[in-house]
Amino acid sequence: MPKRIYKARMNVSVMSLADLQRSFCDALRSPNAPPDTLLDELLDDGLALQRFNVYRNNFIVLNGDALSEMYPVIKRLVGDSAFRLLASAYVRKYPPMERALLVYGKDFPEFLASIPELSTLHYLKDVARLEYAWTVAYHAEDVERLEEHQITALPAEHFELLHLRPHPSMYLLHSEYPVYRIWEVNQSEDSEEVISLDDGPTHLVIIRPGARVETRVVSIGAFTLLQKLGSGETIGDAYIAATRIDPVFNLERFFAQHLFDGTFCSLTEN
Amino acid sequence: MQEALTTHSSVSAPVPPRAGAGLKSQHYQTIIDQQPDIGWFEVHPENYMGKGGPPLRYLERIRRDYPLSLHSVGTSLGSYLPLDQNHLKNLKQLVDRFEPGLVSEHLSWSHGYEWYTHDLMPLVYTEETLQLIVDHINQVQETLQRQILIENPSSYLQFKKSEIPEQIFYVEAAKRSGAGLLLDINNVFVSCRNHGWSIEEYLDAVPAELVGEIHLAGHSIQDLEGQSLRIDDHGSTVCPEVWELYRNYVEAYGAAPTLIEWDSNIPQFTELYREVRFAEAYLQSAHECIRDVIS
């Protein structure tokens, strides 16, 4: 008795190259067995399906590995086997749209939020946003930081009318949860620290002014100022918005610390 | 045009006929600190297509001390779809910036829709695909204004429609486009074993004078209902049979730049370096063989 009965296949292929490649791609993404129309195109030694599955498995695993490099903290939070399942589903739903895999996984935060089994872990989405922003900042454009001599060249009396441009790698992240602490203690495998979700909310600046990505916790005032400056508002307007939401925000102290530390890259009159 | 392209590769640091290593981010600092005696390094340009950041800085630093080869994985030469002009532009920018001694790409495809597989998919070996590949290689060479090398793939399945033996297709694609060959001896071994082809016939069909670079890598073995399938995962040391094929090849045809690829389960640098030294030893003895013949 043969173990399996193989369907007799026609020994002619009928697909055009374009149809064949599209059908191959559809089958790579599908969790189901490839259609007979595709299997009919493969030389069959009784193992054609298994041979095809090597490609499908590689597609899921290689792209899943790229996702796990992007989201190491999420992987630690949900565990390796759950992450593997999530990654497979994600790769199928959102295959890579870029030639380079440097920043694969843009939709992963939203994807995590859409999984019913994870619905009690409200903070996952924001931790994922932080991880994504970190890698985007890592590969962001290299831009010279603002230097003191660039300031002295401008008229001091109209400082509030000037535009201060944040470094292009900057990403602002607001969360209702203590995502910075969650992210920080999960940088190492062996952390036992317990974090209370009541320790939120968090305002974060993720930025790479030099060789290293920095993740800074800031006040809601500083956060608002950077948000407004980033959207092109003048220093004066951004400051008004910052003090409206955070009456104790101190611009002088903020600039003393951050004006020349790489947070900004240019100061211009328009 | 093809004449002009093949003579164009006057680069500031040609890749020498020595052993080189795939450059991994895990090893950047060790290489900068220890300046190991390695002939050259190779990278996937797609890993350096970010706007900025540490990877480009490290590559710039290492490029100062070593010749470089760019081994592309994203051009998708064998797709029915047109080449992505944006990707070619990014590749050209890296070629201009890093002045690599060699540039190469695979005989495969990775682009069937608007998304990318990020793995190298198998070709149907027909005259139609050959024409398509040759057109695509020509476009790449014209954009980069230089010759590229094309690499023989590793594969796990064959299409009924294929009518040209892989090695003939591979050599013909180079001859028609003026490209050179990147001969991956591990891929020859993997594909021949997976499909029951003759390794000897395969290698005999490859004209040594077209081979500008050799690749060596480790592979794994997967059991498919009692039949073993070789999986080209670049995750271990080069196997003894592949070393043997390599030794015979360089003894017969002389030295060519030889790369050790190690892309998964990345080891400590010392282990990668040991593989590079093995290849270097075979290349040295090939040099000596040739000296003996000449004297």
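The following legends describe close-up views of a predicted model.

**View 1. The domains of chain A.** The domain assignment divides chain A into domain 1, residues 1-121, and domain 2, residues 143-270. Taken over C-alpha atoms, the centres of domain 1 and domain 2 of chain A are separated by 40 Å.

**View 2. The largest nonpolar core and its most connected members.** This core comprises 139 residues, of which A:V127, B:I150, B:I185 and B:L216 touch the most other members. The greatest contribution comes from helix 7 of chain A (residues 124-138), which supplies nine residues. Domain 1 (1-121) and domain 2 (143-270) of chain A each provide at least three residues to this core. In soluble globular proteins, nonpolar side chains tend to be buried together.

**View 3. The surroundings of A:V127.** When neighbours within four places in sequence are left aside, A:V127 is in contact with A:V73, A:I74 and A:L77, and also with A:V179, A:I182 and A:W183. A:V127 is one of the core residues that touch the most other members.

**View 4. The contact between chain A and chain B.** Chain A and chain B each bring 38 residues to the contact. On the side of chain B that touches chain A, the elements giving two or more residues are helix 3 (54-65), strand 6 (116-121), helix 5 (127-144) and strand 11 (227-231) of chain B. Strand 6 of chain B gives the most to this side, with five residues. By residue class, the side of chain B that touches chain A consists of 15 nonpolar, 13 polar and 10 charged residues.

**View 5. Helix 1 of chain A and its cover.** Helix 1 of chain A, residues 17-29, has 13 residues and reaches 19 Å from its first C-alpha to its last, close to the 18 Å expected at 1.5 Å a residue. Its buried residues are A:L20, A:Q21, A:F24, A:C25, A:A27 and A:L28. Seen down the axis of helix 1 of chain A, these buried residues fall within an arc of 165 degrees, so they line one face of the helix. Their cover includes helix 2 (36-39) and helix 3 (48-70) of chain A, together with strand 5 (109-111) and strand 6 of chain B.

View 6. Buried here are B:T129, B:I133, B:H136, B:I137, B:V140, B:Q141 and B:L144. Because the buried residues fall within an arc of 135 degrees when seen down the axis of helix 5 of chain B, they line one face of the helix. On the other side of this helix, B:E127, B:Q131 and B:E142 are exposed. B:Q145 follows helix 5 of chain B and has a positive phi, near 55 degrees.

**View 7. Packing around helix 10 of chain A.** In helix 10 of chain A (residues 220-230), the buried residues are A:G221, A:A222, A:F223, A:T224, A:L225, A:L226 and A:L229. They pack against strand 1 (163-166), strand 2 (171-175) and strand 3 (202-207) of chain A, as well as helix 11 (235-245) and helix 12 (251-258) of chain A. A:G232, which follows helix 10 of chain A, has a positive phi, near 100 degrees.

**View 8. The loop position of A:E157.** A:E157 lies in the loop between helix 8 (148-152) and strand 1 of chain A. With 7 C-beta neighbours inside 10 Å, A:E157 counts as exposed. A:E157 and A:I115 are 42 residues apart along the chain, and 54 Å separate their C-alpha atoms.

Terms used
Residues are numbered from 1 along each chain as its sequence is written. Chains are lettered from A and ligands numbered from 1 in the order in which they are written. This is a predicted model: local features need pLDDT of at least 70, side-chain atom pairs count only at pLDDT 80 or more; totals for chains, interfaces and linings use all residues. A nonpolar core is a set of buried Ala, Val, Leu, Ile, Met, Phe, Trp, Tyr and Cys residues joined through C-beta atoms within 7 Å. A residue is buried if 20 or more other C-beta atoms lie within 10 Å of its own, exposed if 12 or fewer, and partly exposed in between; C-beta atoms are placed from the backbone. Helices (H or I, at least four residues) and strands (E, at least two) are DSSP runs, numbered from the N terminus. Domain bounds come from an automatic or database domain assignment. Two residues are in contact if their C-beta atoms, placed from the backbone, lie within 7 Å. Ala, Val, Leu, Ile, Met, Phe, Trp, Tyr, Cys and Pro count as nonpolar, Asp, Glu, Lys and Arg as charged, and the others, Gly among them, as polar. The expected span of a helix is 1.5 Å times one less than its number of residues. The arc is that of the directions from the helix axis to the C-beta atoms.
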